[in-house]
Amino acid sequence: LREYHRPTDLPAALSLLQSADHQLLNLGPRPPLAPFANAEAVVDLAALNLNAITETAVSISIGAQTTLQAIAESPALHHFANDLLPQAVQYVAHLGLRNVATLSATLASPDSSPELHLALLALRAQADVLRTERRTVTLMAYEPDPDELLLGISFERPLNPKAAIARVARSPLDAAIVAAVAVVTPTTTTVAVAGASPRPIVIQSANPPRPDTIAEAVIATTNPIADYRGSAGYRKAMAGVLAERALNEASKP
Amino acid sequence: MKSFGVWNNQKMNIEFTLNGEPKRIECEPRETLMAALRRNGCWSVKHGCETGECGSCSVLLDDKLTPTCVLLAPQVQGRTVTTVEAIDPGPGQPLHPLQHAFAETGAIQCGYCTPAMILAAKMLIEKEPHPTESQVRDVLNGVLCRCTGYVKPVQAVLRAAAVMRGEKVPPIDSAPIAGIPIESVFGPLRQSSPDAGGPETGPTQTQTKVFTFPTIDTQVTTEVVGKPEIKVDAAKLAKGKPVFTDDFTLPGMLFAALLTSPHAHARIKNIDTARAKALPGVHAVLTYKDVARVIYASGGQTWPNPPPWDQVSLDSKVRHVGDRVAVVAAETQEIANEALKLIDVDYEILPAVFSAHEAMKPGAPIIHDEPDAHKIADAEHNIAATIDVKLGDVEKGFAESDRVFEHTYNVHQVQQASIEPHIVITYWDDDDRLVIRTSTQVPFHVRRMVAPLLGLPVKKIRVIKPRIGGGFGGKQEMLIEDLTAHLTLATGRPVRFEYTRELEFTSARSRHPATITYKAGVMNNGTLHSLSMHIVENTGAYGTHGLTVCSVAGQRGLATYRCPNMKLQAEIVYTNIPTPGAFRGYGAPQGLFALESLMEEIALELGIDPVDFRMKNAVRVGDPIAITGAIGEGEHEGSTQIVQTCGLPECVEQGAAAIAWDRKLDPNWKLDPKRPHIRRGLGMAVCMHGTAIPGLDMGAASIKVNDDGSFNVLVGATDLGTGSDTVLAQIAAETLGVPLNDVIIYSSDTDFTPFDTGAYASSTTYISGGAVKKAAEKVRQQIFDRAALMLKLPSPLGVGGEGEGWQIRNRQVYAPNGQSVSLAAIALHSLHTEDQQQIMATASHVSPHSPPPFAAQFAEVEVDTQTGQVTVTKLVMAVDCGTAINPVTTQGQIEGGLVQALGYAVSEEMAYDSNGRLLNTRFGDYRIFQANEVPEIEAILVPTYEPSGPFGAKAAAEIPMDGVAPAVANAIQDAVGKRLRDLPFTPEKVWSALQN
C-alpha cells in the first residue's frame, strides 16, 4: 500500500475509485484479516460528508458513511418502528467497531450479522448510488460495485410502523445463525430473513398478515448454505420459526 | 479536489491532537494507527488481534472508543486521539478515580485490556455521570476480557462514577457478612498455627452483584493475609505502563514471520528460499535444512519431560494445517510477511486423519513415522501414550452391582484465547549470553528446554518474564522461543516474533477433545460400587501435554466419589489437527463434564435426588484418594492423598441457597407465560480439583531486608494475571509483620530469581507461597537474633528455638519482655553497625500433598424450545479453596473462570473443514463472551483451613473451569428433559435433541 487519499468531492472520489489498484477505505463490522493485500492506494471518504441522518415528514435518509453507532444514537431513528435500527446495529458489532463501521461497508459485508441489512430490507429501503450518473435502486436489487459509490439509504416513514427482530445465535450477542426482521405497517407486512439462503429472503404481503402463511413462504424460498454453526436443515427450519416469531411480535398492538 | 497521498512508500506527515497536545508524526500510508501510536510511546495501546474484535488496542478517537488496529495512521489527520497516558497522574501522584477504582475492586487481572476498558468507562462517565450497570456493560462490550468475567470491571466503573460525582463510597473491606462457624460444619480446625487467619472482607456495595464470604473463626487475626489488598502491579497496569513483553524495543531489532503448512499432512519434498532471501530487508530464512534436528517435547513440564518426545524446531514433514515450515527475520514486519510468499515449497500431500478413533485403525495414515521420535507408545497406530490403571476389580464390581449404567460423552477442542498473543524477543547481551524476553508461564522450563535446541548451555541463556497478558495454560509451553532464538543465532540481531490472532488459533495450543465412556455399577442404596472410565484423547499432531492432561482427566473423573473398584484406560492418539496442550483445568473439565453428567443420569434413573446421590458418594475428610496415586503424573509415580479438608457440604448448601434451588420443583417457575417457547431449568455439578503436583512441583523464594526495614522478595513464580505476586507478597508481609507496601516483589528472571516450576497445576499459592513463607520465617529468625543483639538479650534461637515469645507487628520487633526495636533500626544495625550481615534467606518448597479444593457449581438456564438456543441466566459457584489469601483476587479467578467455562459449554469450538483447515480463526467466529451478554455471576468462598498450605490455602484458579458445562447440561435436562452428551450445546444440537 503506497497511497492514501482523502478526496473532498464526489467526482474526485469516484475517479480515484475507478483507477486501477485503488481500494475504498471503508470499514465494516467485520474487518478483513488482510484488508489491503492487493491495493496500491486507498481512498478514504471521510471528507465527503456522507454521514448525515436526515428526516422529513415522509422519509428518512442515512448517509452511506454513517457509522453504526451514529445510527444507534440518532434521535431520528429512536422511537421509529420500535427502535428497529438502533436495536439492529447492537447485534452487528461491539461498540468500538460500531464507531468505525459504516453503513455502506456493513451492507457490503455478507459475513457480518445481518440485522441492519434485514431491517432496511424490511423497511423497503432504496439505495442512492453514483457511478457516472446518480440513480436509485431498491436495496434488494442493490449490488455493491467497487467502481461506484453508495451515497446513502433512504426509506419512507409509514404511519405507525411496528417492527421486531428474531434471531438465534450461540450466545445472546453472537452473530446470528439465522435472523428475521418483520415490519408491519397499516397497509403492508414485510419479513426479511437471513442465514437460510445465499441472499436475504424478503416476503411482502398485504395486511392483515398471516404469520403462518408468511413463514411457509419463507421456508419455501430457503436455499440454505450450511456452515459450522448450523446445518442446512436447521437453517431452513429456523427461517420459518423466526419469521413467524418476528411477525407475531411486530403484530402485537 | 483536495487529496493527500504519497507515492513510493515515502513517509507522510500526519498532524493530529494526541492526549491534548498537537502531534506531528511521520508514517507510511500502510501503517496502522495502533503501530504508529505504540511507535510514539503510547504503550497502553495493546495488540490483541488484527480485526478490531478484541478491542484492547482501543483509544478515544474524537471521544469515541475506537479500535486502532483496523485504522490506518493517516486516518487520524486532523482528529483527536486520547490514550490512557493522558490520565497518567505522574510518579507518586494519586491515580485517576477510574484507575483507582479498577485497582481497588480487583478489576485488573492480567491488565492487558485494562487501558481500553478505562477509556471506555471514561467516555461513558463524561457523557453519563450516573451510568446504570447496563450502560456500563454496553460500553465495556467493546473490549474483550478473558480474565475477569467482567464482574469487577463493572463494579469499578460504577464505583468510579460515584467517586467522580463526589459521592462517598464504602471501603472494599467493609464489615463481613455474618458467616457460618466453620467448626460447626467440619469439626475443630486442625491447624493451630498462630499465623492462621481468615478473610474479613465484604461487599463493595455497588449496584453490581456482590458476594458473601462466610467467615472462619480461627481465634487469630491476620493483618495482611485474608485481606483484599490491592494488587501490587495494579497501578502500573492501570496506567498502561510498558510492562509487557512487547513494550520494549532494541536498536536493530528484526521482525519474524512464520510460514505455516496449508496441508494437514504432507512431506516437504523441496523447499527453496532463494527468492525470499533475495528480498531486500530479509536477514534470515530458516527451514529444516538450517537448524539442528533435536528431538523434544514442547510442554513446559518438570524434567524429564513426559513422553513422547516427537518434535523438532523445523521438520521436513508437516502434521497439521498451521504447522511450522519456515521462519523469516527481516527489517520490518511487512517485509517478513512478504518474504513468506517468496518461499517455494513442494509438498507431497499425504492422507490425513482427524478423528482419534479413525487414527487408531489399521491402515490409517501414520503421523509419526520418523525414526528418532522418543517413547511413542505405538506409532503404527498413532497412539502416543496409554494409561491402564486399576483399583479393586471393576468387572467383579459390576457383577455385584444392582444396576449398571454406561454412557459416552464427547468433549471438544477450544482455545485459551489469552488477549495477549504469544510474543518473544531474543537478543545477545553484552556478555554474549542469549536473552529471551517472553510471555511465558514457565521461564525456567523454557531455559532448560530451549538450550539443547540451540546448542547452547543453560548458563548461556537468560529468560525474562515480564507481565503476561493472560495465559490460561497456553503459555505453559516452549512454543516459539526456539524459533525466535534460532533467528537471533542466525543473524546476530535482536528478533521480535509475535503471533497473529490467526496463528494463535492455528499454531498455538488448545484443549484436548476426547471421547469418554463411563461404566458405573451402583447398589440399590445409591452407593457407587464400580466405576470404569475409558478415554480416547485426541492429542493432535504432537504429544506435548497429551499424557498428563489425560492423567488429570482420569484423576478428576475417578477421585471425586468413593468407590471400591475403579479402572482407567486411555489412549492418547495422534491426529492431524492443531496440537492441544495445557488449558486451565488440564483435563479436569473433560473428566468432570462426563462424570457429573453421568452422576445426574444415574440419580434420575434411580429416582434419587441428584444432590443427595452426589453427597452420599462424595469423598470427605479422612478419605484416601488412592486413584491419584495409582495414575500418577505422566511417568512420575503418584501417591495416595488423604483428604484433610473438605468444604463440599457447605459449598452445596451455600450454592443451593444462592441459586434458589427450590425453584427446580416449581412448575410455574419453569414456564414463562409471555414467552411460551421458553423453558427454565436448574442444574448443578460437584467439582474436585488438585493443588499442585505432589512431590514434583517446586517453588523457591529469596527474601532480603533493605536499609529501611522493607523487603525484597524474589520469586521464580510466574504471575500471568492471576495476582500471584500479590498473594506471595501478602504471605511475606504477614510473616514479617509489615504492611504489604513494605514488600517489593519481583518475578521472574532466570538470572535473578530462584527456580520455580512455573504457573500451572494450581500450584503457585500453595507451593510458591509455601516457599515464601519458609523464607520469610528464616528471615524473621535472623531479625529476632539481631534484635536480641541490639537489646542485649539472649539469642532467641536456641536449640530448636524459633524465637518463641518474640513477635513482629507493624514494623516493630517485640521481645518477650516487652522491649522493642524497629525493623528499620535492625536493618541499619545489621548492614552497617555491628557484626554486619545481610539479613536474607532462600527457601524451597515441595509438598507431598495435593489438597483438593472442592466446589459446587450451579447454573440457571432458559431453553428456547423452538430454536434450541440455551441462554444461561445465572451461574453460582461456591468454592472451598482453603484460606483465600486475597479474597478479591480469588473471587476474580472464580468469576473469570466461570465465564471462560461458559464459553466451553455453549459457544466456543474450534471447527474444521474436511481438509483439517480451521474455520474460525478470529474472535467473533470463535465466540468468547462480551461484557453485556454474560449471565449474573455469584462466587462464594467457603473457607476451610488446609494444614499443609500457607495460612491454610488451597488452590482456586482452575476449579471454576470444571463445573459449568455439566451444570448447564443438567439444567437443560431439567428444563426440557433432554440429555446432551456432546459439548458444546449449540442451538442446533439442542434443537435436534428436542425433535427426537
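Guide: Lys and Arg count as positive and Asp and Glu as negative, with His and the chain ends left out; a charge is placed at NZ of Lys, CZ of Arg, CG of Asp or CD of Glu. In chain B, the mean positions of the 88 positive and 112 negative charges lie 2 Å apart. This is a predicted model, in which local features need pLDDT of at least 70, side-chain atom pairs count only at pLDDT 80 or more, and totals for chains, interfaces and linings use all residues. Residues are numbered from 1 along each chain as its sequence is written, chains are lettered from A and ligands numbered from 1 in the order written, and side-chain values use heavy atoms, without hydrogens and water.

Visitor: Why is the pair of Phe248(B) and Tyr427(B) called tilted?

Guide: Rings of Phe, Tyr and Trp (its six-membered ring) pair if their centres lie within 6.5 Å; planes under 30 degrees apart are stacked, over 60 edge-to-face, the rest tilted. The structure holds 12 such pairs over all chains. Phe248(B) and Tyr427(B) have centres 6.0 Å apart and planes at 35°, so the pair is tilted.

Visitor: Why is the pair of Trp661(B) and Phe858(B) called edge-to-face?

Guide: The planes of Trp661(B) and Phe858(B) stand at 75° and the centres are 5.3 Å apart, so the pair is edge-to-face. Both Trp661(B) and Phe858(B) are buried.

Terms used:
Buried < 20%, exposed > 50% of the residue type's maximum accessible area, 1.4 Å probe, protein only.
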